[in-house]
Amino acid sequence: MITNIIRKADNKFIYENYKEKACIKRELIKISIKQQIWQNLNHYVILPFSIHSAIYDGIIGGAKIASLIKTVKHYAKNKILILLCEGAHLNFLSAELKCSVDDALNLCRIDANKLVERFKEDFNGCELMYWSDFVLKNKNYNQYKSEIMNTYQADSLFNKMLNEDAEKLNQIKNIHSINAKKIFIEKATLDYLEMIAGVRMMHDEQYRTFIYPGSMPESFIHLQSLFYPNMIFINAGIQVRVLT
């Protein structure tokens, strides 16, 4: 059960874990959105959901997602799109699973559908789209992807920043083998290029507020003035503290 407690600019939720009618744990979840400029604007809001993120793990993972969506709904004054990013990491996923990109997409779509079923009550009132439908089937997708790839090849700073972002992700994944690391960085770079093309599309479809539970890669910010000048990137922090 989640109890909503909003105090000033803070969004706090108490999550109570019941077992056999007894409350065995109470946890405070605090949602921190550092930039407040998006609040009460009429921009469309987009919440991208990575499919295999650890944020969903366990009962508390469900509470985190519910708290985040409650907070966004509290402030947003226009359309909220839940974007399931099952098609945004296919280069790495296909290499990891040793399968084709199409097979990786099909497998990831199955996992995305599980998230839809799990969080259907929380998603209520929001629009819901899959990356493969919203991005890959957009009539301008090939144009956007080509522009991003050309910029990657021509802009040495963007090239450097994107490679550094891939390196940081590799450190998080904790891959040490030289060959495996090389493949990971190559695939992660391609996936980042895919995601940047997707952000460009979101911007042009009037989704100007991008809220993600984590920091945005530096390479995305570098291209902001060129491809999506009116996009507001929001880092949503999620803190959990055990009360009892």
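These legends walk you through a few close-up views of one protein chain.

This is a predicted model, in which local features need pLDDT of at least 70 and side-chain atom pairs count only at pLDDT 80 or more, while totals for chains, interfaces and linings use all residues. Residues are numbered from 1 along each chain as its sequence is written, and side-chain values use heavy atoms, leaving out hydrogens and water.

View 1. Helices (H or I, at least four residues) and strands (E, at least two) are DSSP runs, numbered from the N terminus. Of the 244 residues, 45% are buried; buried means under 20% relative accessible area, exposed over 50%, and partly exposed in between (1.4 Å probe, protein chains only).

**View 2. Trp 38 sits in the largest nonpolar core.** A nonpolar core is a set of buried Ala, Val, Leu, Ile, Met, Phe, Trp, Tyr and Cys residues joined through side-chain atoms within 4.5 Å. This core has 38 residues, and Trp 38, Leu 47, Phe 49, Val 72 and Ile 211 touch the most other members. Elements giving two or more residues to this core include β2 (10–19), β3 (22–33) and α1 (58–75). Apart from this core lies another, of 31 residues, among them Val 135 and Tyr 144. Leaving aside neighbours within four places in sequence, Trp 38 is in contact (heavy atoms within 4.5 Å) with residues including Val 72, Ile 211 and Ile 234.

**View 3. Phe 49 and Tyr 56 form a stacked aromatic pair.** Rings of Phe, Tyr and Trp (its six-membered ring) pair if their centres lie within 6.5 Å; planes under 30 degrees apart count as stacked, over 60 as edge-to-face and the rest as tilted. Here the centres are 6.3 Å apart, with 10° between the planes. Both residues are buried, and together with Phe 119 and Phe 123 they form one aromatic cluster.

**View 4. Phe 134 and Tyr 207 meet edge-to-face.** Their ring centres are 5.7 Å apart and their planes stand at 80°. Phe 134 belongs to helix α5 (residues 131–134) and Tyr 207 to strand β7 (residues 207–212), so this pair ties together parts that are 73 residues apart in sequence. Phe 134 counts as buried because its relative accessibility is 10%; for Tyr 207, also buried, the value is 5%.

**View 5. Ser 94 lies in helix α2.** Ser 94 is buried, as its relative accessible area is 10%. Beyond its neighbours within four places in sequence, Ser 94 is in contact with Cys 99, Ser 100, Val 101 and Ala 104.
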